[in-house]
Amino acid sequence: MKNKIQHSSIVTRWFSGVISNKKALAGSCIILFFVFIAIIGPFLIQSPTEFLGTPLSPPSNKYLFGTNGQGQDVFSQTISGARQTLFVGFSAGILVVLIGALIGGIAGYYGGRTDDLLSLIINIFLVMPGLPLMVILASWLPPGPGTLLGVLVLTGWAWNARVIRSQMMTFRNRDFVSAAIVSGEKNIRIIIIEIMPRMLSLLASMFIGSSIYAIGAQVGLEFLGLGDISRVTWGTNLYWASNDLALLTESWWTFVPTGLSIAVVSFSLTLINFGIDEVTNPRLVSERLWREKIPKKNISNGITPVLKSHE
Amino acid sequence: MTRKNLYQTLIFGLFIFCSCEEKTTRDREGLIIYQEQFLSWVRNFEPLNPASVPRWPTRGGIYEPLYIYNPIKAEWLPWLATKYEWRENNKKLLFTIREGVQWSDGKPFDAHDVAYTFNLTKKFPALDTRNSWEYLKSVVAVSNTILEVTFNRVYVPGFDAVAGTYIVPKHIWESLKDPLKFSNPNPVGTGPYTEVLRFDSQIWELGKNNNYWQPEKPYVDKLIFPAFSSNEQVTLALLSGELDWSGAFIPAIDRIFVAKDPKHHRYWFPNTGYSTFLHTNTKDPVLSDVRVRKAISYAIDRSQVVKVGMYNYTKPAHVTSLSGPMAKWHSPDITSKEDWTSYNLQKASKLLDDAGYILNNKGQRLKKDGSLLELDIIVVSGWSDWIRSAQVVSQNLNKAGIKAKVRTYDFGAWIGRMQRGDFEMSIGWAEKGATPYNFFKGMMFSEYVKPIGEVADVNWHRFGSEKADLLIKTLEKTSDKKIIKNIINDLQHLFIEHAPGIPLFAEPAWGECNTKYFKNFPSKENPYGPLSNNEQPSFIFTLLNVQKR
Amino acid sequence: MSKSISYLIRRLGFYLVAAFAALTLNFIIPRMMPGDPASIIFARFRGKLKPEAIEAMRQSFGLTNDPLLVQYWSYLKGILGGNLGTSIAYFPEPVSNIISSGLFWTIFLAGFSLIVAFSIGTLLGIFIAWNRTGKLDTLLPPTLAFLGAFPYFWLAMLSLYIFGFSLNWFPLSHAYGNQVSPGLNLSFILSVIYHAILPAFTMIFVSLGGWMLSMRNTMISTLGADYITFANAKGISSRHIMLRYAARNAILPNLTGFGMALGFILSGALLTEIIFSYPGQGYLLLQAVKSQDFPLMQGIFMTITFAVLAANWLVDIAILIFDPRTRK
């Protein structure tokens, strides 16, 4: 009973801590805005694939972002493109964290032979060069979001696994775990109920970092033409813009909106990560608390004071 | 602080120096060409092995054939041979080989080199690119100037392959241990350009053959080939005057290219005579009905396909798929035949009704079992102009009630599917040739039809017609121009009647040039040959006529 | 000391296992791809080639129908003997020749960019970790993070267009000018530098933020250590503490990252090479993949994997030397 109260308050306290942080809040709002657009947007706009206007015409009242090389509405394309890009990006983020947590967690917790075997697998995947492997696989498998997701997850899970493994190993030796074992709790329960909530900030920032990576890599692959170029995504929008020589025709409107959207999404995710870091990194936390108590303190020598913050 | 300043000035100076270095004028002695898209060059000039990728212009510019076909004028020109003659009821073909021709190393060229080349491909079947030995019996040099080609069966269209074979020097090839692994780094040929002046991974240069058999030609001393990795790079080079001649696909070319220098920036995209197709798998239960195929064709707004997919660079296809230089083959009563390549939604609708596809209240066509009429169009991923065209076609078909979806596959997967017949519809090319014979054979010859699942090299849409077989076999035996013309007329009528495939738009040949430093490129006003350097070996006409300003 | 040696040998053993796994993977993947190279080349002629020549072509490529294990065995034998096979797209050029042409340029461009980005990023990280209240700390990380959030190729294309095409300050493509000939002469070297500035600049620009941030983070952790407080109490100058005490320890985790990045040089420059037409490995790989050139793909993947493994092992050795804690 006591355990339950303890870890649920860990989680809620973590959340309230993060939300109160300005950077994380700003980042989250922007992301939610984009997610909203991705879900609702396509229903509100005209078709992104209809060949409507004169190709390569600049932004006007009729077409807010102008038209691309085929006379398609760039505004509709930017909005429609959000859906698949964000979906694949976040899904990849979640999957690599889950898989990494599963494998890394088991390796770190159980140790011994299990750890040796799993570590070997993790390390092998780690040294595989990601981008070339992605290029090769993406060109072999049928083009589409499924392939992109598979390729991203396959090349991305190992790094998370390694980090979680070392973190798990640190926790494994802590008192509360020994106590739980002695009191007869099952291992699985310990991992999921006791340890994971304490790794929340790590898992969250890994999810965000992986999502940033997934979005970027996905767009890169699609730009090379390795995605399904008959779909409308941010990556394929840029592929077509490049194919239609956007720069040479000085049709900046065909690639700037999409590029900016990707940058803003990645940046806001980074902001959230900054925020989480500020809230949970004990050094930064204590420094913030220190500075709150002593407003004009001159900490010009940069040394980080260590204050004991609440658990 | 002064040390910092010193560094800054040093770096700045270096920078200025470098940029000055680069701004030296381009080499005006050489014609700068783009035809192959490689980022780094490999030194290979071997013309025979189909597996090797020799540097352009090996096939045609370094090594020449007996006759050259000019697709713009639609005629064969004598080249290394001066005349030919059919004998013994088309069982023997005699060539008179041109006299006074030398190899670039000074040694004399004669009929023995020609015979040697053919017998080489007999000895090494892997070199027999056009599978000539399937119908040839022997090739013998009766004298220095007469070549006798004997067929094992009468096959008049075999002329194309025989006359088009690139001739290699006997005195070089006979000393090779393994011709299949030969990369021929220092070519010896009869063509206008044979001397490799410079070969780096980023740029290479080909100088002229001082022993060339056409007097005073070529006029330009050398050809320069920088490496380009993308269309964008090619366009940038064209715009900045760093490229004189290319065969690239450039979107919105008037705006991007011509507008920058209307006086010198030129392009010409003439019709090759044939068309790009929407292939329909005639073994598919839905598509086996000719009414459905014609309905699909009527439902396609080809002018929109051409406008959006091909930037209006070409025209909608003729119903026989022959146009431009091939239009002269049209049968005299062609205009009285049905034209199912015109855009006509009512006719499409009527045909679908006749074929038994019910129209529901959402405007969709249903099969007899109530399911939606759905067809996939497969395209090679990366060939963006075809993908765009396919997208327009699918939108057109959706409007007509057929649910059409575009699927892209990487090239290997796509061609595998086409060969095995694992597709419904697809954008693709059709067979070509000096006459429409190749085209119609590829479209309707029964012996080419392989069952679904088995790999077919041609006639992927698997349509066969016994009437067509008869006509084709007769054509192969005759060299009488009048009979040939009549047979081609009948083949056209069969094609129109059966619609084995759906021609979309005339196939253009891409060619751009910059006339600022060089003149006399072919053009619409001066169509002595193709401007496109992708046309092999007819690019040679340009090579032999271009001059420095 | 012998414990360290046995550790290194164990690591070496692991790398050998990883190499073997990579070799096997390398063998399997192309063979699972649909379509065989002969059909592709045939189709490359777009209808101008006679259909029956395919069989002849297959002979040329030595594509056999031997059982998989036999093929695998000859593949392994070939690799160990240094024979990477014959390329299909560049037939009949041996794969090793093709790879070596691109290797130098990729290492040069990517290596140079990595070293500069790491150095500048690390210095910046040290500096702003120390002056955490300063203006630089509030501005620089978000700005660099924002710039790093743009898709790399987007920024690269933009810079190519603005600085290369519009302003004409830098060349548009290639590793050196067409007028100079490769060799150890001044004009060639200058030309190489001139052509490398823009691509290197874009690569450095985008990765700077990453190095800076990670250095800043490790610095912040290190600065909380007791010995730092002690040094400060002793009266040692701030600069001295920042560089000699804190940075030296904070840099160690980043060295690991640097080492791994070193190994990935060969694959990292892919997009750069494509956009700037820089003749390196990355573009070769894309080309090989698009033309389904199995031997070349395998060869490139192999060199990259071995480079990564070698770099990792070197980093293991380096850390053993520089960080006494690991020698315990």
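In which loop of chain B is the place of Asn312(B)? Asn312(B) sits in the loop between H9 and H10 of chain B, and its phi is positive, at about 65°, although the residue is not a glycine. The structure is a predicted model, in which local features need pLDDT of at least 70 and side-chain atom pairs count only at pLDDT 80 or more, whereas totals for chains, interfaces and linings use all residues. Residues are numbered from 1 along each chain as its sequence is written, chains are lettered from A and ligands numbered from 1 in the order in which they are written, and side-chain values use heavy atoms, with hydrogens and water left out.

Chain B contains 16 helices and 22 strands; helices (H or I, at least four residues) and strands (E, at least two) are DSSP runs numbered from the N terminus. Its C-alpha atoms fill a box of roughly 85 × 80 × 45 Å along the principal axes. Of the 549 residues, 62% count as buried, where buried means under 20% relative accessible area, exposed over 50% and partly exposed in between (1.4 Å probe, protein chains only). Among contacts in chain B with a separation of 6 or more, 69% are between residues 24 or more positions apart, a contact being heavy atoms within 4.5 Å. The accessible surface of chain B is about 21,300 Å², and carbon and sulfur atoms account for 51% of this area; such areas come from the Shrake-Rupley method with a 1.4 Å probe, and for residues only the protein chains shown count as cover.

Chain A has 12 helices and 0 strands, and 56% of its 311 residues are buried. Its accessible surface is about 13,800 Å², with 67% belonging to carbon and sulfur atoms. In chain A, 69% of the contacts between residues at least 6 apart in sequence join residues at least 24 apart. Chain C has 14 helices and 0 strands, and 53% of its 328 residues are buried. Chain C exposes about 14,200 Å², of which carbon and sulfur atoms supply 69%. For contacts in chain C with a separation of 6 or more, the share from residues 24 or more positions apart is 74%.

Aromatic pairing was examined over all chains, and the structure holds 77 such pairs. Rings of Phe, Tyr and Trp (its six-membered ring) pair if their centres lie within 6.5 Å; planes under 30 degrees apart count as stacked, over 60 as edge-to-face and the rest as tilted. The pair of Trp56(B) and Phe539(B) is tilted, because the ring centres are 4.6 Å apart and the planes stand at 45°. Trp56(B) lies in the loop between strand E1 (30-34) and helix H2 (58-62) of chain B and Phe539(B) in the loop between strand E21 (518-519) and helix H16 (540-545), so the pair ties together parts that are 483 residues apart in sequence. Trp56(B) is buried at a relative accessible area of 5%, and Phe539(B) is buried at 0%. A further aromatic pair, Phe269(B) with Tyr313(B), is edge-to-face, with 4.9 Å centre to centre and 65° between the planes. Phe269(B) is in the loop between strand E12 (265-267) and strand E13 (271-280), and Tyr313(B) is in the loop between helix H9 (302-309) and helix H10 (345-354), 44 residues apart. Both Phe269(B) and Tyr313(B) are buried. One aromatic cluster in chain B includes Trp56(B), Phe539(B), Trp41(B) and Trp245(B).

Backbone geometry was also considered. Most residues other than glycine have a negative phi, and most peptide bonds are trans. A cis peptide bond joins Trp56(B) to Pro57(B), with omega about 10°, and Pro57(B) lies in the loop between E1 and H2. Another cis peptide bond joins Gln536(B) to Pro537(B), with omega about 0°; Pro537(B) lies in the loop between E21 and H16. In chain C, Asn168(C) has a positive phi near 65° and lies in the loop between helix H7 (152-166) and helix H8 (186-223).
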